[in-house]
Amino acid sequence: MLLTDTHTHLYYETDEEKLAQLMQRCFDNQVERLFLPNVDVASIASIEGLVTKYPNNCFAMAGLHPCDVKEDYELVLDEICQSIVDRNIYAIGEIGIDLHWDKTTLEIQKIAFKEQIKWAKDLDLPIVIHCREAFDEIFKVLEAEKGPDLRGILHCFTGNLDQANKAIELGFYLGIGGVVTYKKAGLDEVLKNIPISKIVLETDSPYLAPVPFRGKPNESSYLVHIAEKVAEIYNISVEEVANITTANSKIIFNI
C-alpha cells in the first residue's frame, strides 16, 4: 500500500528531531509521497530543506497563499517566480482566494491568483487552489481561464455536490482531508455522488486533524485515518483507496 498526501505543511516543524519523527511515522503508516505547498517567500527554504533530505518522498510546489497577498504582493510574486528557475516544482500552489480573514484584499487576491495561473500554464504545471468562503469568486476566475492547459486540485474541498461537480467539470480533482471524518460536515454524502477517480487525499497538516485526533495538531501520518473513512464511504478496501488516489496524484503531478 502506498498513500500520497497531496497537501501537507510538514515543513512548518523546525525541530530536526521532531521532523525526523514525523517522517518516520509517515513511513510506518505507508504515507510515502508528500507534496509541499508554498505559502510565502520564507517557506521556500524550509520546503527545499525537506525535499533535499527526502528527495524520493517530498515534492515541492511554488506559490503565494491568498492570505499572504498584501500591498507588496507584486514584489513577493516576482521573488517566488524567480525561485522557480532553480527548483524542481510539481505544481503552482497553494494559490486562490480567501475571504474568511480579510475581504478588503479581494481585488489583489484575484490579480495574484490570475498571475500564478499564468505561471502554471507557461510551465505546463497543475495548480493547487485554496478556496475559503470564495467558491463564486474562484469559479469566476476558473471559468475565464478554463481550457486543456488548466488543471489541478481544489484543496481541502468542503463544498456541496454542485460545487464538486463544477470543479470536476473545470478539470480539477477534489482534495479530501480530515473534514471528511467529521460527523456533521456532510462531505461523506457529497462523495457518495462523486467517482473516486476524481479525488485525492490530503492532510493539510498541521491543520484539520481527522478523527480521532480532531482538535490536535495534524500530521501526514494521520492520512491513513482519512483513507479509512473514504474506504468506508466507497465500500472498498483501504488498499484500493490508496492505489486509486495515489494513481490520481501521479496523473496530476506527473511524478
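Student: Which residue in β2 stands opposite D5? Please also describe the surroundings of that strand.

Tutor: The residue opposite D5 is L34, in β2. The model is predicted, so local features need pLDDT of at least 70 and side-chain atom pairs count only at pLDDT 80 or more, while totals for chains, interfaces and linings use all residues. Residues are numbered from 1 along each chain as its sequence is written, and side-chain values use heavy atoms, without hydrogens or water.

Strand β2 covers residues 31-36; strands (E, at least two residues) and helices (H or I, at least four) are DSSP runs numbered from the N terminus. Of the 6 residues in β2, 5 are buried, which leaves the strand mostly covered (buried: under 20% relative accessible area with a 1.4 Å probe, protein chains only).

One partner of β2 is strand β1, residues 3-5, and the two run in the parallel sense over 3 bridges (strands pair if DSSP finds at least two bridges between them). Between β1 and β2 the chain passes through helix α1, residues 16-28, and this β-α-β crossover is right-handed (with the strands pointing away from the viewer, the path from the first strand over the helix to the second runs clockwise).

Strand β3, residues 58-62, is also paired with β2, again in the parallel sense and over 3 bridges. Here F35 stands opposite F59 of β3. In summary, β2 has parallel pairings with β1 and with β3, and L34 faces D5.

Key
Buried < 20%, exposed > 50% of the residue type's maximum accessible area, 1.4 Å probe, protein only.
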